[in-house]
Amino acid sequence: MADAAGQGQGLESLSAEERRFPPPPGLAEHANVTEATFEAAAADDVAFWAEQARRLSWETEPTQTLDWSDAPFARWFADGRLNAAYNCLDRHVEAGLGERVAFHFEGEPGDTRTITYAELTAQVCQAANALVELGVKAGDRVAIYMPMIPEAAVAMLACARIGAPHTVVFGGFSSDALATRILDCGVEVVITADGGYRKGKASALKPAVDEALERCPEVRSVLVVRRTEQETAMTEGRDVWWHDLVDRQPTEHAYEAFEAEHPLYIMYTSGSTGQPKGIFHTTGGYLTGVAYTHWATFDLKPETDVFWTAADIGWVTGHSYLVYGPLANGTTSVMYEGTPDTPHQGRWWDVVDKYGVTILYCAPTAIRTFMKWGAEIPAKADLSSLRLLGSVGEPINPEAYVWYREHIGHDRTPVVDTWWQTETGMHMISPMPGVAEGKPGAAMRAVPGVSVKVVNDEGQPVSDDAAGYLVIDRPWPAMLRGIWGDQQRYVDTYWSRFPGVYFAGDGAKLDADGDIWLLGRVDDVMNVSGHRMSTTEIESSLVSHPKVAEAAVVGASDETTGQAIVAFVILRSEAGDGGPDVVDELRRHVAKDIGAIARPRQIMVVDELPKTRSGKIMRRLLRDVAENRELGDVTTLTDSTVMDLIKGNLATTSSED
């Protein structure tokens, strides 16, 4: 990646963002993290993480914090023994917190459940006993294919309690995707449901399991939660209803302590070759990392906070900041089953009002959707309980940041934009809300105990106000321990580009203050006539136009410029249907905002963008369209027909000069 001199105007406007938001005085005075925290962590990161590990309850206290002798394979707290479920449940009950609410569950149809720590502990014990009855033992893998209901978290914790690594497959994935994951990690037991609710309708899940298992003869048992009351085929001798097996189990279960490096879960993430990678995390380091970062990043006060991670349990955000992190900290969380617009576009804000949510953590995609719908919708709800807002999943553009702070946080809540990955397990870069002066669009700096650098092509650190590659040059407790069944792929994928350091695959820029701005995946940093252009920056420019609600930008091959900029935009409702005049107006806007080199070659006005079910825009598919290639895998899309509409309209809605 070129240095600042090679960037032209392409990366300047992001870090030229001048708006600043200091911490609220009350928060700063009582902040969990101070500058002294950073200083202590920088002085000795290993000692720092040893201290954070003491947040957990250990059956056998570790005497060694980090073994890095077989790098890049880390061992954290390796001679310690603990149980993840005990740390998330029993110890809070033993401390007298059994009546504290663990989850406020809000189902899409309007059904609700309030589950205390004592009740959740009992339910997890019952589920653990049920799995034992099904023959599951420590080390066996269990697949969980569930809607967003409490039984999904119960199933995860029951697996953790008996030492059976779980692999949660998002309930929107196809039967093929489910089968691929089951086969890759040797699953013999699947936990699922008859279905779930989405956009006001019951959506079946069990048929996809049945279809997947036609390819998976080793699966011997399927445990099925009754959620929607749909007619459900049950295979005799293999399938059993949750209420028939789990509900009759004892509410006590003697947990076993496991080595800190015992695998906790496997999560599959997209690979550049198309073959999903089974990222696996172990128990002690992962739990230390997520418990600490949940407490630190969100300035958590577990006695009074109500925390809402608006992410599905099928993604790493749901694992780390809906289940393991919050429960390890004894937090009260909200779990919501449905979509933001069911039964109306104010549903989220009704949930915040109803439960007194104090911390909201969601994706920029959702924020931009709310912008599109209009500020008058959240204005109808009482959002005064909110004291902190978080962002996750992709870099947040400055306009969405400011809208989020203004219309959801009423100009009094810090916004923490968190950068991390499935592979990192925990937050790696984020402003600490009691310390940082927030910059819209900037991830700021590494969290205490984490070391990141921005380097050039030779792996050397870049100067301030220059762009490069984001790397992590010190091990961290929640780091992945490899790719399930293919450790060489782990080395090749993450540790070969810059020997000795972890390459995250993202580009980043340091501003004049040394703060970090994420520029998206390296293949989302375009080379236009020798100038490195950030897709994130151009998207931010487009979204800053009053007619644009959301934008996605990709680079397409161009004989003249090497790559050309192609943009896909969703207009705000008041902007009408778009047309050549609007397209030209937007192209001129980007040219004025960033520079002529950034003017998109083509802009397509669309009704929707291709998104995964976790809300991420699939720019890979947009690149396929822009370069007139056959579409790649669309199984993770919320709605695959979106791509047909985009392809069909591309030629009629572009503008060139």
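## Loops, helix contacts and burial

Tutor: In this predicted model, Pro343 is located in the loop between strand 17 (332-336) and helix 14.

Student: Is the peptide bond from Thr342 to Pro343 cis or trans, and what is omega near?

Tutor: Most peptide bonds are trans. The bond that leads from Thr342 into Pro343 is cis, and its omega is near 0°.

Student: Which residue does a cis peptide bond join to Pro72?

Tutor: Pro72 sits in the loop between strand 1 (66-70) and strand 2 (73-76). The cis bond in question has an omega of about 10°. The residue that it joins to Pro72 is Ala71.

Student: Does Phe77 count as buried or exposed?

Tutor: Phe77 belongs to the loop between strand 2 and strand 3 (81-82). Its phi is positive, about 55°, although Phe77 is not a glycine. The cut-off for burial is under 20% relative accessible area. Because its relative accessibility is 1%, Phe77 counts as buried.

Student: Where is phi of Asp465 near, and how is the residue classed for accessibility?

Tutor: The loop between strand 21 (452-455) and strand 22 (466-472) contains Asp465. Its phi is positive in a residue other than glycine, with a value near 70°. The relative accessible area of Asp465 is 39%, so the class is partly exposed.

Student: Is helix 4 roughly perpendicular or roughly parallel to helix 12?

Tutor: Helix 4 (residues 45-53) packs against helix 12 (residues 283-297) at an angle of about 85°, and the axes are 9 Å apart. Because angles from 65 to 115 degrees fall in one class, the relation of helix 4 to helix 12 is roughly perpendicular.

Student: Which residues of helix 12 make the contact?

Tutor: Helix 4 contributes Phe48, Trp49, Gln52 and Ala53. The residues of this contact of helix 4 with helix 12 comprise four nonpolar, three polar and no charged. On the helix 12 side, the partners are Thr288, Gly289 and Tyr292.

Student: Is the crossing of helix 8 and helix 13 left-handed or right-handed?

Tutor: Helix 8 (residues 150-162) and helix 13 (residues 316-328) have axes 11 Å apart and pack at an angle of about 60°. The two helices are therefore oblique to each other. The hand of their crossing is right-handed.

Student: How many residues of the contact of helix 8 with helix 13 are nonpolar?

Tutor: From helix 8, Ala153, Met156, Leu157 and Ala160 take part; they meet His319, Val323, Tyr324 and Leu327 of helix 13. No charged residue is included, and one residue is polar. The count of nonpolar residues is seven.

Student: Which residues is Thr116 in contact with, leaving aside its neighbours within four places in sequence?

Tutor: Thr116 has its place in strand 5 (residues 112-116). With 9% relative accessibility, Thr116 counts as buried. Beyond its sequence neighbours within four places, its contacts are Gly98, Glu99, Arg100, Val101 and Ala102.

Student: How far apart in space are His262 and Gly163, C-alpha to C-alpha?

Tutor: His262 lies in the loop between strand 13 (258-259) and strand 14 (263-269), and at 18% relative accessibility His262 counts as buried. Leaving aside neighbours within four places in sequence, its contacts are Gly139, Gly163, Thr282 and Thr283. His262 and Gly163 are 99 residues apart in sequence, while their C-alpha separation in space is 7.7 Å.

Student: How many of the 10 residues of helix 15 are buried?

Tutor: Helix 15 (residues 364-373) is largely enclosed by the rest of the structure. Its cover includes helix 14 (347-355), helix 16 (398-408), helix 18 and strand 27 (548-558). Among the buried residues are Arg368, Phe370 and Trp373.

Student: Which residue follows helix 15?

Tutor: The residue after helix 15 has a positive phi, near 110°. This residue is Gly374.

Student: How many of the residues of helix 18 are buried?

Tutor: The buried residues of helix 18 include Glu537, Ile538 and Leu542. Helix 18 (residues 535-543) is largely enclosed by the rest of the structure, because the buried count is nine of nine.

Note on methods
Residues are numbered from 1 along each chain as its sequence is written. This is a predicted model: local features need pLDDT of at least 70, side-chain atom pairs count only at pLDDT 80 or more; totals for chains, interfaces and linings use all residues. Side-chain values use heavy atoms; hydrogens and water are left out. Axes are lines fitted to C-alpha atoms, for helices over the stretch in contact, and angles run from 0 to 180 degrees between N-to-C directions. Helices (H or I, at least four residues) and strands (E, at least two) are DSSP runs, numbered from the N terminus. Angles under 35 degrees count as roughly parallel, over 145 as roughly antiparallel, 65 to 115 as roughly perpendicular and the rest as oblique. Contact means heavy atoms within 4.5 Å. Ala, Val, Leu, Ile, Met, Phe, Trp, Tyr, Cys and Pro count as nonpolar, Asp, Glu, Lys and Arg as charged, and the others, Gly among them, as polar. A crossing is left-handed if the near helix is turned anticlockwise from the far one by less than a right angle, and right-handed if clockwise. Buried means under 20% relative accessible area, exposed over 50%, partly exposed in between (1.4 Å probe, protein chains only).
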